[in-house]
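Let's take a friendly walk through this model, one packing arrangement at a time. Please have the viewer ready.

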Amino acid sequence: MPPTSDGRTGSAQDAEHGYAAFSRMFKRVVQEALNFDRDLASEYGLALTDLMCLIFLEASTEPVSAKMLAEHVTLSTGATTALIDRLEREGFIERRPNPNDRRGVIIALVPERAGRVLDDQRALSLRLRAAYDELSVQDVDGMMRFMHRLLEGNE
């Protein structure tokens, strides 16, 4: 059978079965990642949003303001302040003077406390990296196009 306009071959029924299998697998991967993070957060007495905050702070290459954090975890400024207060009280983060703006503060990880959580979270990151390393450049390009297309409605 000749390829379709998108380069795939097969009948409409094959395409529908392929999509159904793809959809189930995609949902399973999302659920697995969510369960992993939720269980990890719970193990340390954290909410999922708390864990997202710690992961963001670790990955950031620049000083993180409360506003940046609020945008990342999609919380209001009031809810973000409560998040920061809670994580600071529990020793996961600390507020520091912003070296670029003496009126502002930055939010920084406390490595001795946050490091244990983030070390445990790396297990999922390592699985993701191992799967990524098996992909060809074309596979990565296709996956990136897919994910960007999937997120188009949210940006």
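## Helix 3 against helix 4

Helix 3 and helix 4 pack with their axes 10 Å apart, at an angle of about 105 degrees. Axes here are lines fitted to C-alpha atoms, for helices over the stretch in contact, and angles run from 0 to 180 degrees between N-to-C directions. Helix 3 is therefore roughly perpendicular to helix 4, a label that covers 65 to 115 degrees. Helix 3 brings Ala-66, Leu-69, Ala-70 and Val-73 to the contact, and helix 4 brings Thr-80, Leu-83 and Ile-84; contact means heavy atoms within 4.5 Å.

A word on the source: this is a predicted model, in which local features need pLDDT of at least 70, side-chain atom pairs count only at pLDDT 80 or more, and totals for chains, interfaces and linings use all residues. Residues are numbered from 1 along each chain as its sequence is written, and side-chain values use heavy atoms, with hydrogens and water left out. Helices (H or I, at least four residues) and strands (E, at least two) are DSSP runs, numbered from the N terminus.

## The nonpolar core

Which residues have the most contacts inside the largest nonpolar core? They are Leu-46, Leu-54, Leu-69, Leu-87, Phe-92, Ile-93 and Val-117, in a core of 22 residues. Such a core is a set of buried Ala, Val, Leu, Ile, Met, Phe, Trp, Tyr and Cys residues joined through side-chain atoms within 4.5 Å. Two or more residues come from each of helix 1, helix 2, helix 3, helix 4, strand 2 and helix 5. Helix 2 gives the largest share, five residues.

Val-117 touches Leu-40, Tyr-44, Leu-46, Leu-51, Leu-54 and Phe-92, leaving aside neighbours within four places in sequence.

## Helix 2 and its cover

Helix 2 spans residues 48-59, twelve in number, and reaches 17 Å from its first C-alpha to its last. The expected span is 16 Å, taken as 1.5 Å times one less than the number of residues. Its buried residues are Asp-50, Leu-51, Cys-53, Leu-54, Phe-56 and Leu-57, where buried means under 20% relative accessible area (1.4 Å probe, protein chains only). Their cover includes helix 1 (12-43), helix 5 (111-133) and strand 1 (93-98).

## A buried glutamine and a hairpin

Gln-121 lies in helix 5 and is buried, because its relative accessible area is 9%. Beyond residues up to four places away in sequence, Gln-121 touches Phe-36, Asp-37, Leu-40 and Ile-55.

Strand 1 and strand 2 form a hairpin with two residues between them. Their pairing is antiparallel over six bridges, pairing being defined by at least two DSSP bridges. Pro-97 has Val-105 of strand 2 as its bridge partner.

Note on methods: Buried means under 20% relative accessible area, exposed over 50%, partly exposed in between (1.4 Å probe, protein chains only). Angles under 35 degrees count as roughly parallel, over 145 as roughly antiparallel, 65 to 115 as roughly perpendicular and the rest as oblique.
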